[in-house]
Amino acid sequence: MTARAIPGFGLSIGIALLWVSLIVLVPLLALAVKPWEMGVAGVLRSLSEERVLASLALSFGTAALAGLASLPIGLLLAYAIVRLRFPGRRILDGMVDLPFALPTGVAGIALTALFAPNGWLGAPLAAAFGWKIAFTPAGIVVALVFVALPFIVRTVEPVLRDLGRDAEEAAATLGATRPQALARVVLPALAPALVSGFGLGFARAVGEYGSVIFIAGNMPMVSEIAPLLIVIRLEQFDYAGAAAVGLAMLVLSFAVLLALSVLQRLLRRGRA
């Protein structure tokens with residue numbers, strides 16, 4: 001009844017499905033079909049190369065680390081923006097979206113300049129702790145935190161805003177301290193949003209290219225990410241090999257996001 005009451009519903013949904021098919025499904029289908037030009041043995045041989053395995057492990061490992069590192073930072077930023085009132089709060093709120101607006105290549109150059117051995121942050125860290133950030137896997141994690149953090153903040157922020165202060169105040173009247181109220185009332189309510197934000201940040205980080213290649217060093221077997229390896233294979237006209245790496249990233253990403261979706265559903269069911 002609702003569908004019939006909306007003028008042009010059938011045409012609109014048809015156009016929407018057509019665009020989704022052209023923009024999403026057709027490229028995915030091409031990515032799934034292209035590697036098999038090499039045959040099953042060729043795909044397995046291509047994906048079992050030590051360099052490919054190292055780049056996939058680096059991309060997914062650093063994306064996971066960046067997502068985990070962004071969770072507490074994003075939670076604190078969201079809490080500060082929603083619950084606190086201080087000078088510069090609106091500026092901080094606007095700066096959270098900076099990675100969305102800043103070209104990734106520009107972000108990569110800026111981060112490299114900051115964390116290089118002679119940079120504003122790289123030099124003090126090297127002198128004080130002996131840490132080398134730029135041109136190492138640690139630099140990749142820093143760049144991926146930069147791109148993943150806004151997803152966590154913007155996912156948690158509306159949930160925290162809708163949560164209100166009633167639950168915390170009720171916990172306080174029952175004798176709970178502020179840390180206890182945060183740990184037992186606020187965090188469980190935010191857990192599904194944190195998982196969702198982690199998933200979005202992880203998905204964005206695992207395929208990141210522009211902000212990483214400048215700070216990574218791009219050393220094979222050390223700091224070479226999978227998207228860079230795909231570009232290298234494309235430049236060598238190895239289209240099937242590049243598609244094989246892309247397909248592996250697609251399957252692994254889907255598996256991780258599916259696991260996160262199941263976890264998010266379990267957390268929501270636990271609160272129901």
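**Entry 1**

Before I start, I need one cut-off: buried means under 20% relative accessible area, exposed means over 50%, and partly exposed sits in between. I'm working on a predicted model, so I keep that in mind throughout. I looked up Asp93 and got a relative accessible area of 23%, so Asp93 counts as partly exposed.

**Entry 1: salt bridges**

How many salt bridges does a search of the whole structure find? I got eight. I picked out some of them to look at.

I went to Asp93 again, and its side chain meets that of Arg154 in a salt bridge, 2.7 Å from N to O. Asp93 is in helix 5 (residues 89-96) and Arg154 is in helix 9 (residues 137-163), so this pair ties together parts that are 61 residues apart in sequence. Arg154 is partly exposed, at 23% relative accessibility.

Arg154 turned up in another pair. Its side chain also meets the side chain of Glu157 in a salt bridge, at 2.5 Å, N to O. Here both residues lie in helix 9, three residues apart, which is about one turn of the helix. Glu157 is buried, because its relative accessible area is 10%. I then followed the shared partners: the salt bridges join Asp93, Asp97, Arg154, Glu157 and Arg161 into one network.

Next I checked Glu49, which forms a salt bridge with Arg233, with the closest N and O atoms 3.1 Å apart. Glu49 lies in the loop between helix 3 (39-47) and helix 4 (50-83), while Arg233 belongs to helix 13 (residues 226-235), so the pair ties together parts 184 residues apart in sequence.

Arg233 is buried, at 5%.

**Entry 2: nonpolar cores**

I noted a general point for myself: in soluble globular proteins, nonpolar side chains tend to be buried together. Then I looked up the largest nonpolar core here, which has 36 residues. Which members touch the most others? They are Leu56, Ile140, Leu144, Val212 and Met249. Several elements give two or more residues to this core, including helix 4, helix 9, helix 11 (178-206) and helix 14 (239-271).

I zoomed in on Ile140. Leaving out residues up to four places away in sequence, Ile140 touches Leu58, Thr62, Val212, Ile215, Ala216, Ser223 and Ile225.

Terms used: Residues numbered from 1 in each chain as written. Predicted model: local features only at pLDDT ≥ 70, side-chain atom pairs only at ≥ 80, totals over all residues. Heavy atoms only, no water. Salt bridge = Lys/Arg side-chain N within 4 Å of Asp/Glu carboxyl O. Helix = DSSP H or I, 4+ residues; strand = E, 2+ residues; numbered from the N terminus. Buried < 20%, exposed > 50% of the residue type's maximum accessible area, 1.4 Å probe, protein only. Core = buried A, V, L, I, M, F, W, Y, C linked by side-chain atoms within 4.5 Å. Contact = heavy atoms within 4.5 Å.
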